[in-house]
Amino acid sequence: DMPQGAQSAGIGISEVRESWLSKLGRWSEALRIYEEKLSQNNQDFDAILGSMRCLDACGEWQKVLDLAEQSWPTLSGAVSNNRSKLFISPQGQKKYFKFG
């Protein structure tokens with residue numbers, strides 16, 4: 001069963017599961033779910049950001065950068081359309097500028 005409130009908010013069970021796995025620090029498990037979603041739809045904004053969060057938490061900064069570059073049209077379109085906030089952690093920013 002879905003947590004109360006999630007159903008009324010229109011949130012699917014897989015989205016709740018990914019969110020909780022991330023909150024519990026089970027980054028690799030959450031990443032597998034996000035990657036599966038991306039294999040079905042490589043423009044899934046939430047799956048892109050979720051993958052980036054997981055990769056960042058696992059210290060895979062080059063993969064974060066690669067995913068950001070590959071997904072930039074989707075990310076920039078979502079931000080310019082004000083659909084969501086772009087998530088970039090302070091650690092990710094530091095690593096980005098070291099590579100740049």
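The following dialogue discusses how to read a predicted model of one protein chain.

Colleague: Which secondary structure elements does the protein chain contain, and how many helices are there?

Modeller: The model is predicted, and its protein chain has six helices and zero strands. Read from the N terminus, the order of elements is α-α-α-α-α-α.

Colleague: What share of the residues counts as buried?

Modeller: Of the 100 residues in the protein chain, 31% are buried. The chain exposes about 6,900 Å², and carbon and sulfur atoms supply 50% of that area.

Colleague: Which residues of the largest nonpolar core touch the most other members?

Modeller: The general idea comes before the case. In soluble globular proteins, nonpolar side chains tend to be buried together. Here the largest nonpolar core has 16 residues, and Ile48, Met52, Leu67 and Leu75 touch the most other members. At least two residues of this core come from each of α2 (27–40), α3 (45–57) and α4 (61–70). The greatest contribution is that of α3, with seven residues.

Colleague: Which residues does methionine 52 touch, apart from those up to four places away in sequence?

Modeller: With those neighbours left out, methionine 52 touches Val64, Leu67, Ala68 and Leu75.

Colleague: How many disulfides does the structure hold?

Modeller: A disulfide requires two cysteine sulfur atoms within 2.5 Å. The structure holds zero disulfides. For cysteine 54, the nearest cysteine sulfur is that of cysteine 58, 6.7 Å away, and cysteine 54 is in no disulfide. Cysteine 58 is likewise in no disulfide.

Colleague: Is cysteine 54 buried or exposed?

Modeller: Cysteine 54 counts as buried, because its relative accessibility is 0%. Cysteine 58 is partly exposed, with a relative accessible area of 37%.

Notes
Residues are numbered from 1 along each chain as its sequence is written. This is a predicted model: local features need pLDDT of at least 70, side-chain atom pairs count only at pLDDT 80 or more; totals for chains, interfaces and linings use all residues. Side-chain values use heavy atoms; hydrogens and water are left out. Helices (H or I, at least four residues) and strands (E, at least two) are DSSP runs, numbered from the N terminus. Buried means under 20% relative accessible area, exposed over 50%, partly exposed in between (1.4 Å probe, protein chains only). Accessible areas come from the Shrake-Rupley method with a 1.4 Å probe; for residues, only the protein chains shown count as cover. A nonpolar core is a set of buried Ala, Val, Leu, Ile, Met, Phe, Trp, Tyr and Cys residues joined through side-chain atoms within 4.5 Å. Contact means heavy atoms within 4.5 Å.
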